[in-house]
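Below is a short note to read alongside the model, arranged as numbered points. Please keep the sequence and the coordinates open while going through them.

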Amino acid sequence: MSLFDSVTQAPADPILSITEAFKADSNPDKINLSVGVFVNDSGVTPILETVHESEKRLAASNTTKSYLPITGSPKYASLTQRLCFGEELADSFSGRIVTAQTPGGTGALRVAADFIKGNLNTNSAWLSNPTWANHKGIFATAGLETKVYSYFDAKSLRLDYPAFLESIKAIPSGDVVILHACCHNPTGADLSPKQWDEVAGIASEKGWIPLLDFAYQGFGSDIEEDAYAPRAFAKAGLPLFVCQSFSKNLGLYQDRVGALHIVVGSEDESKRVASQVKIAIRTNYSNPPAHGGAIVETILADSDLRTRWVKEVDDMRTRIHEVRHQFVTALADAGVSQDFSFLIDQKGMFSFTGLTKEQAITLRNEHSIYIVDSGRINVAGITSHNLSRLVSVLKDILG
Ligand code: LMR
C-alpha cells in the first residue's frame, strides 16, 4: 500500500499536451498548429526588438530584486489601464479602477475567480460555447458553477449572433459572464462594435456582470480598435472585470505578464475591493513576478519604444492576416471541396476548422501535424515552408 494509491491519473491538458507531443516527435517535417504562440515565417517565436531593448535598459538600471507590492507596480497599473481603456476613459475613471499585476492572463482570471467566489453574491460563471479550454477549470477550481451560453454555429463555422443574444438575455442578474474582448479563442469569430454596444446594453438591463478575457489586443484589428469592448462596457457604467495578457502582443509568454482591472462605482468601493483582491493574491502567490512587468512598463512609458512596439504588433497581425488568405487560396487551388473562406473573416491566431477529433488524431499520428482535438488551429503556425504539405494532407483527409 502506498499513500498515493488513491491518486488517479488526470487527463492531459487539451492544448499544452499537444505541444509536448509535438516536441517529442522526431519527424523533421512536423507542423505545430496547436498552442497559441506566434511564429514568424521561419517558424520562430521571436523576442521583439523593443523587448530586447527594454531588457538592456533594465539590466543597466536595476538596483534590486526585492518584492513588489501585493498588487504589483503602481506605474504598471496606470500604464496598463491606459492601454486597455484609453487615456480619456482611464482619466475619467481615476480612482475607480482596481488593478493588480498578475502572472499572465491566466493569473488574472484566477484572481478574478477567487475574488468573485469569495466576495460577490453569485455562484455562476457563464462561458461561451465553445471557449478557451482552461476557462472551465479556472472558474470551477475557484468554486463557481460553470454554465454555457450559445455563441458559435458549428455548421456554418460562424458566430450565431441571434442565438448568442437570446442566450445572454436569459442570464440571471448577478451572474458573471466571461466574454472574449477580441480574437475569440478558439473560433476567431468576433463581435462588431455595434454588437458590443448591444451586449453592453443587455448586461446593463439584465444586471449580469461582464468579465472580459483580453489576451490578444492588437492581433484583431489594431491596438485601439481591439479595445472597443472594455471601453464600451466601462462607458455604459457597468461594474466590469478585465483580464489582460501580454503573452502574445509582447511575445512575453514565458515571463507570465498580465493584469486584472476591476471597474467599480466609487473610491470607497475601490478601497474595499482592492483589500480583498490583495487577500486573493497574498494567499495564492503572495506578489507578482517583476521582470516581465518591468519590460511592459519600460515600453509603454517611452514614446519611441511604444511606437516601435505598436509597429511590431501591426507586423505580427499582418502576417497572420496574410497567412489566412494564403491558406484559403491554397486549399481552393488544391481542389479541396469544402469552402474555407470563413477563415479570412476571423480575427487573431485561431480558427475553428470544423475538423473532427478523429481527423485531428489522424493528422497527429499519421502526418505529424498537431492541432487541438476540438479542430482549432493556430493560423500563425502556418509558414511558406509548411503550407504545401499541410494543404496536401488536408486535401487527402477532406477530399
Ligand atoms: C492557447 O489557447 O493556446 C493559449 O492561450 C495558450 C494556453 O495557455 O492555452
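**Notes on pockets, cavities and local geometry**

1. The second largest pocket has a volume of about 550 Å³, and 23 residues line this pocket, with Phe22, Ile31, Asn32, Val39 and Gly43 the closest to its centre. On a 1 Å grid over the protein atoms alone, a pocket is an open set of points with protein on both sides within 12 Å along at least five of seven lines, a cavity is a set where a 1.4 Å probe fits but cannot get out, and lining residues have an atom within 4 Å of a point. Grid points are joined across faces, edges and corners, and a volume is the space filled by probe spheres set on the points.

2. Before going further, please note that this is a predicted model, in which local features need pLDDT of at least 70 and side-chain atom pairs count only at pLDDT 80 or more, while totals for chains, interfaces and linings use all residues. Residues are numbered from 1 along each chain as its sequence is written, and side-chain values use heavy atoms, with hydrogens and water left out.

3. Returning to the second largest pocket, helix H1 (16-24) and strand S1 (31-32) each supply at least two residues of its lining, and the largest share, five residues, comes from H1. Helices (H or I, at least four residues) and strands (E, at least two) are DSSP runs, numbered from the N terminus. By class, this lining has seven nonpolar, eleven polar and five charged residues, where Ala, Val, Leu, Ile, Met, Phe, Trp, Tyr, Cys and Pro count as nonpolar, Asp, Glu, Lys and Arg as charged, and the others, Gly among them, as polar.

4. Which residues lie nearest the centre of the largest pocket? They are Gly36, Ser247, Lys248, Tyr253 and Arg256, out of 41 residues that line the largest pocket, and about 830 Å³ of space lies in this pocket. Helix H2 (49-61) and H5 each supply at least two residues of the lining, with the largest share, four residues, coming from H5. The lining of the largest pocket divides into 21 nonpolar, 13 polar and seven charged residues.

5. Helix H5 (residues 104-119) also takes part in a helix crossing: the axes of H5 and helix H10 (residues 267-282) come within 9 Å and cross at roughly 115 degrees. The contact (heavy atoms within 4.5 Å) is made by Val111, Asp114, Phe115 and Asn119 of H5 and by Val273, Gln276, Val277, Ala280 and Ile281 of H10, and its residues divide into six nonpolar, two polar and one charged. Axes here are lines fitted to C-alpha atoms, for helices over the stretch in contact, and angles run from 0 to 180 degrees between N-to-C directions.

6. The structure holds two cavities of 30 Å³ or more. The largest cavity has a volume of about 50 Å³ and is lined by Leu33, Phe327, Phe340, Thr353, Leu355, Leu363, Ile371, Ile377, Leu390 and Leu394, a set with nine nonpolar residues, one polar and no charged. The second largest cavity, of about 40 Å³, is lined by Tyr151, Phe164, Leu179, His180, His184, Leu191 and Trp196, of which five are nonpolar, two polar and none charged.

7. A search of the whole structure finds eleven aromatic pairs. Tyr76 and Phe246 form an edge-to-face pair, at 6.3 Å centre to centre and with 80 degrees between the planes. Rings of Phe, Tyr and Trp (its six-membered ring) pair if their centres lie within 6.5 Å, and planes under 30 degrees apart count as stacked, over 60 as edge-to-face and the rest as tilted. This pair links distant parts of the chain, 170 residues apart, with Tyr76 in helix H3 (residues 74-85) and Phe246 in the loop between strand S9 (240-245) and strand S10 (258-263).

8. Some backbone details may deserve a look. A cis peptide bond joins Asn129 and Pro130, with omega about 5 degrees, and Pro130 is placed in the loop between strand S3 (124-129) and helix H6 (135-141). The peptide bond from Asn185 to Pro186 is cis with omega near 25 degrees, and Pro186 lies in the loop between strand S7 (176-180) and helix H8 (193-206).
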